[in-house]
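Dear colleague,

Please find below the structure that I am handing over to you. My notes on it follow directly after.

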Amino acid sequence: MISQPEFIVSAGGAWRLFRFDRTGLDRIDTSVEGAIRSYWLTLILAPLALFVGAVQWWPVLDRVAFLPLVIGEVSLYVIGWLMMPVMVDAAIRLAGLPDRLPQFIAGYNWGSVITMSIASVFIALTLLLDVPGQVAGLLSLLVIAMLLVYQAYVTHLTLEIPVIAAGVITLGDYFVTLTVHQAVQATLLQAALAG
């Protein structure tokens with residue numbers, strides 16, 4: 001379990017990384033044990049994921065079966081936490097790089113505190129301020145780009161690879177995640193419309 005002091009120090013480290021302060025990584029436990037412990041963040045950040053999912057599904061919630069929706073979203077959430085480390089592990093092995101997977105996992109998982117918080121605040125503000133659709137769409141592209149740059153920076157630091165390679169890995173993860181998410185959503189919507 002993650003203690004409150006560890007959460008405060010590590011989340012602070014992730015925030016420093018967001019500001020491109022590489023010393024933020026020193027505040028995160030990047031040992032094997034620290035990387036494993038960082039997966040407790042899946043539970044800590046679950047309410048933010050629930051909020052984002054509820055906002056996404058709200059317009060069609062009355063047309064989608066609740067249990068398949070919950071199973072689909074929980075599956076996507078778990079896959080999202082596991083897919084990037086699996087892809088990075090494969091890339092490390094293929095490239096013959098030193099094994100920095102624990103360092104990457106810890107940095108990436110703690111980075112999720114920042115990315116999920118920013119995404120949730122952005123969504124809440126666009127709803128509260130009733131931002132028009134096209135403006136919200138443009139702003140969301142800017143927020144996504146900002147978060148991808150952050151994730152690429154964390155990947156660059158933790159794997160100690162060139163920025164371009166980190167960017168390719170980050171974009172690869174983003175597009176695979178987006179594709180899987182859209183496929184699950186389309187399947188759930190099709191089932192709802194057919195039923």
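**Findings**

Glu160 lies in the loop between helix 7 (133–159) and helix 8 (163–194), where helices (H or I, at least four residues) and strands (E, at least two) are DSSP runs numbered from the N terminus. Glu160 has a positive phi of about 55° although it is not a glycine. Most residues other than glycine have a negative phi. Phe20 likewise has a positive phi, near 60°, and is not a glycine. Phe20 belongs to the loop between helix 1 (4–18) and helix 2 (32–37). With a relative accessible area of 48%, Phe20 is partly exposed; buried means under 20%, exposed over 50%, and partly exposed in between (1.4 Å probe, protein chains only).

Please note that this is a predicted model, in which local features need pLDDT of at least 70 and side-chain atom pairs count only at pLDDT 80 or more, while totals for chains, interfaces and linings use all residues. Residues are numbered from 1 along each chain as its sequence is written, and side-chain values use heavy atoms, with hydrogens and water left out.

As to the overall fold, the protein chain has eight helices and zero strands. Of its 195 residues, 39% count as buried. A compact globule with 195 residues would have a radius of gyration near 16 Å, and the 17 Å of the protein chain agrees; the radius is taken over C-alpha atoms, and the globule rule is 2.2 Å times the number of residues to the power 0.38. Along the principal axes, the C-alpha atoms fill a box of roughly 50 × 35 × 35 Å. Among contacts (heavy atoms within 4.5 Å) between residues at least 6 apart in sequence, 73% join residues at least 24 apart.

Helix 4 (residues 46–57) has twelve residues and should span 16 Å at 1.5 Å a residue, which agrees with the 16 Å between its end C-alpha atoms; the expected span is 1.5 Å times one less than the number of residues. The buried residues of helix 4 are Val52, Gly53 and Trp57. Seen down the helix axis, these buried residues fall within an arc of 125°, so they line one face of helix 4; the arc is that of the directions from the axis to the C-beta atoms.

Thr170 is found in helix 8 and, at 2% relative accessibility, counts as buried. A polar atom of the Thr170 side chain lies 2.9 Å from the backbone oxygen of Ala166. Leaving aside residues up to four places away in sequence, Thr170 touches Met84, Leu148, Gln151, Ala152 and Thr155.

Yours sincerely

Conventions:
A polar contact is a pair of N or O atoms within 3.5 Å; within protein, one must be able to donate a hydrogen and the other to accept it, and residues adjacent in sequence count only if both atoms are side-chain atoms.
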